[in-house]
Structures are given as structure tokens and as C-alpha cells.
Amino acid sequence: MTVSVASLGFPRIGPRRELKFALEKFWAGTISQDELEEAAQGLRTATWARQKALGVDWLPSNDFSLYDHVLDTSVMLGAIPARYDLASGQAAGLETYFAMARGATGGATCGHAHGSVTAGEMTKWFDTNYHFIVPEIEPETRLQLGHIKPLQDYLEAKAQGFETRPVILGPVTWLSLAKEYGSDPFDLLEEVLALYATVLARLEEAGAEWVQIDEPILVTDLTDRQRRAFTRAYAKLGRAGPKIMLATYFGGLENNLSLAASLPVAGLHIDLARAPEQLDAVVKAVPQNRLLSLGVVDGRNVWRADLAALLDRLEPLAAQRDLVLAPSCSLLHAPVDLQLESKLDDELKQWLAFAVQKIEELDLLRRALANGRESVAAELATSARATEARKTAARIHDRAVSERIAALTHDMRERRAGHAERVKTQSEVLNLPLFPTTTIGSFPQTGAVRKARAEYNRGVLDGKSYDAFLHQETERAIRWQEEAGVDMLVHGEFERNDMVQYFGEKLAGFAFTVNGWVQSYGSRCVRPPILYGDVSRPEPMTVDWWRYAQGLTDKPVKGMLTGPVTILNWSFVRDDQPREASCRQIALAIRDEVLDLEAAGCKAIQIDEAALREGLPLRERDWPAYLDWAVDCFRLAAAGVGNQTQIHTHMCYSEFNDILPSIGAMDTDVISIETARSQMELLAGFASYRYPSAIGPGIYDIHSARVPGEDEMVALMRLAQKHLRPEQLWVNPDCGLKTRGWDEVKPAIAAMVSAARTLRAETNTEA
Ligand SMILES: Nc1nc2c(c(=O)[nH]1)N[C@@H](CNc1ccc(C(=O)N[C@@H](CCC(=O)N[C@@H](CCC(=O)N[C@@H](CCC(=O)O)C(=O)O)C(=O)O)C(=O)O)cc1)CN2
Ligand code: MET
Ligand SMILES: [Zn+2]
């Protein structure tokens, strides 16, 4: 029996974010398309060489993408919405590709015909913080094969001596992620399958023996139509062409196991990090002649695997059948290389494994299975010591935290008065006009801001000068908001590198990396903090910044915090206790901050829960339990304040309809949500659920470089008034403005303030 090692995909951004920098230079016009391609090709080559050197037998190709692999698939299939104005029969070039990803402003600098055009919608890839561009199927969509990127990448690797297994997003998952405009995407199944069949045939001609087809949708609740599509799709694709390794990840197959096992494919990959319990059932269900690929190391987290425990499970199985060992999912979601972390202490470092180290672990497992544990005794001993050390380390436990958790009471989750009374008190304190204007928190993180922080981190800029610089930026933002006529101000978040990492750096129980970047969307990356121990807040984290900003103005300045569920969901978290236990600890730390802000005189505190929705489990069965503790943690963080203190929250990418009761149960005073791209559709749900609190439906799509006009924003707010009372409505952008430039933000916010004035005038005349 043989054991081999596979990689399902490797981080594409590069160990030092080389792809990010090349893309941003290309978009800024400072490098050419050839130079961009050259940088990308260099990254691909280095990635193949590295994985091969680490012992990977199944090297992936086509896991690389210039922006997003879902978008790559849409473009390959010719699913290009009419607004990109591609002449029929023409394959999309890079310009169209990036227009679909980011929108285009048109004009003189833009060489193509379509002028100003909006980007495709962006949403979360399953329950990760990676975003994909949603495939759009329009009634007039005519699919046709464009440029076959999997083939090109396969040939590129081959030319360099790397035999690879191309990674292809599966047809059923692609269709499941597509957004329909007037027609069900699954109506296109046969057309899509014909194109996939051609792609596979071309790969086979080129010499590909295997392909990896990713169908993560198989770990979710499927409709009958999706199930039938699976049967049909693999009846067509599985019988000819290269052998298919069907990859499932982000959860267990559960009730879809018999479906997956019935498909005529040559191999099946399962996620044993998220769903270790499925192994026995899968082994039973999947015939011996089918290659099993076991996702034994966690592709979504940074902990070292417990190799001895894995070997205990794998040894009996490896005696019976051929096995492939792999990370649970693509390593896209993991940072690249632990060796680049110069600032993590040695104790913590020995507990961790990033993408490179995860492959090393797989190689070690393979050698132990092939040649016996004694052949790698020393390495296994090191691994065992690390596992043991982490289990017993003193720094993980904090008595004060567990005592505090044990003493939690029901009262701590309850505001003192109900909603109606709070509205009254708050309106007396805040005295805001109808349709109050505000922004979501961050202002542009300009090159100057990032440069100052980078210099401060390198020790080139001393703490005092850095602080002075940040104070100056904050003061400018306050002055500008006053001039612009915004009603409730923000300090601008200039001191923050990221809304989660910033808090991770200030809270006990978290560690943070210098190079642990993970792609979030396109060229944008995050360094998720590493939650390794009990969480507490050694000292106030934001109070001084708020106090400084509020000292500059008579208008109210919002306190600005990230909520416990979002900090949890955007961090690498402990796997030695339930997520909800970690979340409760974070909630208490945020509660401390909320109360300190209130004590300092802050009258409105925003607690962002941008990631609450994305943390929703993939199986509906698990929703109630998650929502229960998530809402509970939010309330624990927020509910300590008096009636006069207005609690805001903000959520983005909001497919809320499923979870409205939970949003209501958060019991906030004001919620801002993303709606600009969906024409206020979302508000119908809030209305029918009789949502009592105030809502700021975003009317400026901050994900696009387009500056909206006043009329457009007034029109959106009029739509909003179809669903909600004027007194319930706030006027604000979709999300924070950190990724925009001041040249966009200034006119957009000025237009937003005029829009609010127009609405007030309309409402007053009607009254
Ligand atoms: N964690 C998280 N997840 C989120 C969001 C979010 O804001 N945070 N928003 C949603 C969308 N996702 C996003 C993810 C990242 C960014 C983003 O802007 N990322 C920045 C990095 C932010 C950061 O950590 N900045 C650091 C480091 C900046 C940097 O690259 N510095 C240079 C030097 C810069 C210079 O000298 O000019 C370097 O280190 O080499 C800082 O400001 O300190 C980027 O990729 O460019 C935006 C949205 C959903 N998920
Ligand atoms: C991704 S949600 C962002 C919320 C944060 N307060 C900001 O404005 O940037
Ligand atoms: Zn947001």
C-alpha cells in the first residue's frame, strides 16, 4: 500500500505579499501587464519548486489566481455580464477581468469601450474571510469557453519540469455560488458540463493524468436539484478524461456521503480537521479501488498537528488501502511560513505550523507510515514535546478569567430599560436631526499613514512622533467632518493597522505575526491574530483616542470597537476549547472597554460585528446554537451601559434574512448595514419582522471607486422609506472608508450630507 502527500492549493499572495505589490503597481499604472505576468509567473514557479522540495507528490496547478479563482472560472466559462460589453465571440482579456473584479471608472485612462462599469458582487467563500466575485447568470448569458487557464497553468508547470494536478472549481459549486437574474443558474447545467468536458479533454490531451475538482458545496445542506446536478455532472465528467480527485472541505459529508460515494470519480478528498468523526463512515462507503485523500492537518488554523494521535488512526488504514495525506483544504487560508516570524517567542512558535510547516508535517506522517515510526523518531519526539507543552503551558490559563466567567449573571446581558425608553433618553442627550449622518469608522489609510506606522514599527520613527502624527490625522478628520456637516463623528481609526489585529495586539491571550498574511480579497490581506490563551484586557485600548477626538468638537464622536464574535471569527483561535468559550472571554474584555468609554463620557459606542453573519455554520442544523452564543456574547459586551448610551453595531456583506430574529436579539440602538448594491431589498425583511431599532442602510458602496451623486443617494433613501419610518433611518456609507482615497471620500460624504438635508426638507414639508 502506498502513502503519498498532496497539496490542494498553496497561498498565492507570496511569502512577502509579492502578488499584492505587483497588482497594486499594475493598477496604479507603474508596471506593465508583462511585468505583472512576470511577477505572477515567478511566484508560481517558486511555489511549485518549494512544495516539491518539501515532499509534495501531488503538486497543484491553477490554484494561483491574479484575483480570485471563482472569477477565473466564470471568465473561463464566458459568464461575463452584458455590462462589460464584450463583443460576442471575444474572449475576456485582463482589462475585462479586472473590471469584473474591481469595477472600472472609464474615461481617458481606460482604454476600453465600456466606460464606467460596476464590479461584480463580492461575498464570503463559505465560512472563511476570503471573498470571491459572485458569478452572475443573466437571462441572455451565452456561455462559451474563453481562455482555458487550467490548461495554460498545467503546461507552464510542465515546461518547467513539474507534473501537476490542475485544480478546478467544480461545476455544481460554481453554479451554487452563482447569482440568478431572472433564471435559475442550474438551467445552464448541460451547457456548463459541455464546457467542463472540453476543458478536461484538453487537459488530458496535454498529458494530465489527474485533476482535482473542488466541490466544497458537498459539505452543505443540498437541495434535490443540486443532488441531481451532482449525479448528472459526474456521470458526464467522471467516465472520460483525466482521473478526478473530488475534493470536499470545510466540513463533513454527513448526509451527502452516499451521494459523494456514488459518483464515478477516481478519488475523494475529505476534511478530517473539521469533521474527524467522518473517517470510518467514509472508509466504509468508498470502494477500495477509489483513492482516498485525507485532510488530516488543519488548513484553516495555525496549530501544529498531534502527529502521534494521527498515526494511531492512520496506521491500521494504511495497511489496508492506498492513502493520500493532505491539508484539510487549500492552504490559501493559512499564512505562508513560520520561519519568517522573527517576533514570536520560541515557546509559542513551537506550537505553530503555517503552510510550509503543514506540508512538512504531512511528509513526516508519510515517512512514519511508509517506514515505521522509528524511522522519524526524533522528529516525532519534537512534535510530541510541542503538543504536550502546549497542553500544560501555564500561560494559557488565567485564574482571574475563569473565575469571572464562572460568575456571569443573566443581568449582565440585559440593558436597563427597553427600547422605547432608551430612544427617548438618547434623543434628549444626543439631540440629533432626522436622518442623522455618520460614517462607519475608518477614514482612508493613506500611504502616509501606513508609511508612518511602518517606520514606527521599524524604529525609524519614535513613539512620540508617531503619536503626534496620528493626533494630527485625527484632528484633521474631525475638522473635516465638522465642515462637511456630519452629525455623528468618528475619530477615523488612523492608529489601527486592522480592526481585528489592533485589538489582538492589545489583549492578553493573543499573539500576532509580522508576516502571517492571508488573502482576504484581491490584493487585500489580513494578519489574523493568534488566540492561544485566556483573554483579558490589561488596560484601556481606545479610550485615549476617543477622548482626544471628542475634546476637539461639540458634536458627538462615536466610540469604535470590534465586537467579540468578529474578533473570534477573524482570528486563528484555540482548538483546545469550544469557540464559544473563547468568544465569551473576548466579550468580557470588550465589555470592560465599553464601560470605560462610557465612564469617559462617550455617548455612542459602535461595536462592529462585521463577521457575525459569515461565522454562521454551513449546516442549518448548527445555526441556532451558534446564533445563541454569538448574540449572547455581543450582549455581554454591550449591555452594561446606561440607557443614555447609544449602542451601534455595523455589519457588512449582509445576507440577513435568515437571521433577523438574532439581529433583533442583539438589542442594539442603531445598526448600519450594507445595502447599496442591493437596492434596499434587505430592508423589506427588517420591516416585516418589525425591527424596532434604528437602521443605517448603506447608501455609498465603498467597495467601488465610483463616487455616487446626491440624487442617487436620495433615491436609495426614498426606497428605504418604503420599508421603515423616517425616525428609524440613519444616513451612512456601506462600510468603513479605509480602502478609499480622500479624493473619493470627500465628495461622496459631502453628497451624502446634502442628501440627508434634502430628505429632511421633504419630510418636514410632508408633515
Ligand atoms: N481582518 C479583517 N477582515 C476583514 C475586513 C477587515 O477590515 N479586517 N474587512 C472586510 C474586507 N476585507 C479587508 C481585508 C483587508 C483590508 C486591508 O485594507 N488590508 C490592508 C492591510 C491592513 C494592514 O494590516 N495594514 C498594516 C500594514 C500595512 C502595510 O502593508 N505596510 C507596508 C509598508 C507600507 C509603506 O511603507 O507604505 C509593509 O508592511 O510592508 C498597517 O497599516 O500597519 C492591505 O492589504 O493592504 C481591507 C478589507 C472583511 N474582512
Ligand atoms: C469590515 S467592517 C469595518 C468597520 C470599521 N469600523 C471600519 O470602519 O473600517
Ligand atoms: Zn463593514
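**First stop: two helices**

Select helix 5 and helix 7, and you'll find Pro 150, Leu 151, Tyr 154 and Leu 155 of helix 5 meeting Val 199, Arg 202, Leu 203 and Ala 206 of helix 7 (contact means C-beta atoms, placed from the backbone, within 7 Å; helices are DSSP runs of H or I, at least four residues, and strands runs of E, at least two, numbered from the N terminus). That contact has seven nonpolar residues, no polar ones and one charged (Ala, Val, Leu, Ile, Met, Phe, Trp, Tyr, Cys and Pro count as nonpolar, Asp, Glu, Lys and Arg as charged, the others, Gly among them, as polar).

This is a predicted model, where local features need pLDDT of at least 70 and side-chain atom pairs 80 or more, while totals for chains, interfaces and linings use all residues. Residues count from 1 along each chain as its sequence is written, and chains are lettered from A and ligands numbered from 1 in the order written.

Now select residues 149-159, which make up helix 5; its buried residues are Lys 149, Pro 150, Leu 151, Asp 153, Tyr 154 and Ala 157 (buried means 20 or more other C-beta atoms, placed from the backbone, within 10 Å of a residue's own). Their cover includes helix 2 (33-53), strand 2 (59-61), helix 3 (69-76), strand 8 (164-169) and helix 7 (189-206). Step past helix 5 to Gly 161, with its positive phi near 90°.

**Last stop: ligand 2**

Click ligand 2: 13 residues surround it, the closest being Ile 440, Gly 441, Ser 442, Ala 610 and Gly 736 (C-beta, placed from the backbone, within 6 Å).

Note on methods
Buried ≥ 20, exposed ≤ 12 C-beta atoms within 10 Å, placed from the backbone.
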